[in-house]
Amino acid sequence: MPSFDIVSEVEMHEITNAVDQALREVGTRFDFKNVDANVELQDENILITAPEEFQINQVESILRDKLTARKVDARVLHPGVVEGAGKVKRKSFSLRQGIDRDTAKTITELTKESKLKVQAQINGEKVRIQGKKRDELQQVMSMLREAELDTPLQFDNFRD
């Protein structure tokens with residue numbers, strides 16, 4: 001029986017490259033001259049530091065552009081709050097990996113509402129979709145791409 005998995009994963013190598021490119025651009029931009037702004041990757045968190053909040057927002061915009069250029073969905077960034085520590089303010093972003101329970105339930109509900117002859121099964125941080133026809137599985141894929149979920153989805157492990 002044909003099936004595929006729905007996952008939400010990020011390639012850490014691409015994240016590292018995007019952070020490095022953003023840091024390089026911050027270092028060369030004129031509006032950041034003589035400004036102590038920094039972007040760094042710490043395990044599964046990205047930390048942006050700058051003297052002012054608007055500069056943090058500018059660096060965040062640069063980071064999102066670099067992620068998009070490297071074909072990483074910018075929705076993987078889960079922003080924290082801006083914290084002030086003396087002369088430096090910082091904002092931390094956690095990286096979303098895996099599909100949480102609520103999103104998995106939403107995906108299974110959407111597949112049931114589509115009235116297609118497919119079955120959705122939650123397996124930890126991924127959802128497996130099974131059906132008798134490959135066309136129905138492809139319809140589920142296109143339906144989920146059009147659905148506005150806050151988690152980026154990838155379709156993996158397609159078996160015929």
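Helices (H or I, at least four residues) and strands (E, at least two) are DSSP runs, numbered from the N terminus. By this rule Glu136 lies in helix H4. The model is a predicted one: local features need pLDDT of at least 70, side-chain atom pairs count only at pLDDT 80 or more, and totals for chains, interfaces and linings use all residues. Residues are numbered from 1 along each chain as its sequence is written, and side-chain values use heavy atoms, with hydrogens and water left out.

**The sheet**

An open sheet is built from 4 strands in the order S6-S7-S1-S8, with antiparallel pairing; two strands pair if DSSP finds at least two bridges between them. Strand S6 (118-123) and strand S8 (154-159) are the edge strands, each pairing on one side only. On average, neighbouring strands of this sheet are turned by 20° against each other, direction ignored. Axes are lines fitted to C-alpha atoms, for helices over the stretch in contact, and angles run from 0 to 180 degrees between N-to-C directions.

S6 pairs with strand S7 (residues 126-131) over 6 bridges, and Gln119 has Gln130 in S7 as its bridge partner. S1 pairs with S7 over 4 bridges and with S8 over 4 bridges. Asp5 stands opposite Arg128 in S7, while its bridge partner in S8 is Asp156.

Both faces of S1 are covered: Ser3, Asp5 and Val7 on one side and Phe4 and Ile6 on the other are all buried. Buried means under 20% relative accessible area, exposed over 50%, and partly exposed in between (1.4 Å probe, protein chains only).

**Helix H4 and Glu136**

S6 and S7 pair in the antiparallel sense. Helix H4 (residues 134-146) packs on the sheet, touching S1, S6, S7 and S8, and its direction makes about 175° with that of S8. Within H4, Glu136 is buried yet has no salt bridge, and the nearest side chain of opposite charge, Lys133, is 5.1 Å away. Lys and Arg count as positive and Asp and Glu as negative; His and the chain ends are not counted. Leaving aside neighbours within four places in sequence, Glu136 is in contact (heavy atoms within 4.5 Å) with Leu116, Lys117 and Val118.

**Nonpolar cores**

A nonpolar core is a set of buried Ala, Val, Leu, Ile, Met, Phe, Trp, Tyr and Cys residues joined through side-chain atoms within 4.5 Å. The largest one has 22 residues, of which Ile15, Ile46, Ile48, Val59, Leu63, Leu67 and Leu77 touch the most other members. Helix H1 (12-28), strand S3 (45-50), helix H2 (53-69) and strand S5 (88-95) each supply at least two residues of this core. Apart from it lies another core, of 14 residues, among them Phe4, Ile6, Val140 and Leu149.

**Salt bridges**

The whole structure holds 11 salt bridges, each a side-chain nitrogen of Lys or Arg within 4 Å of a carboxyl oxygen of Asp or Glu. The table gives some of them.

| Pair | Closest N to O |
|---|---|
| Arg29 and Glu25 | 3.7 Å |
| Glu60 and Arg64 | 3.2 Å |

Glu60 and Arg64 are 4 residues apart in helix H2, separated by about one helical turn. Glu60 is buried at 12% relative accessibility, and Lys91 is buried at 10%, whereas Arg64 is partly exposed at 23%.
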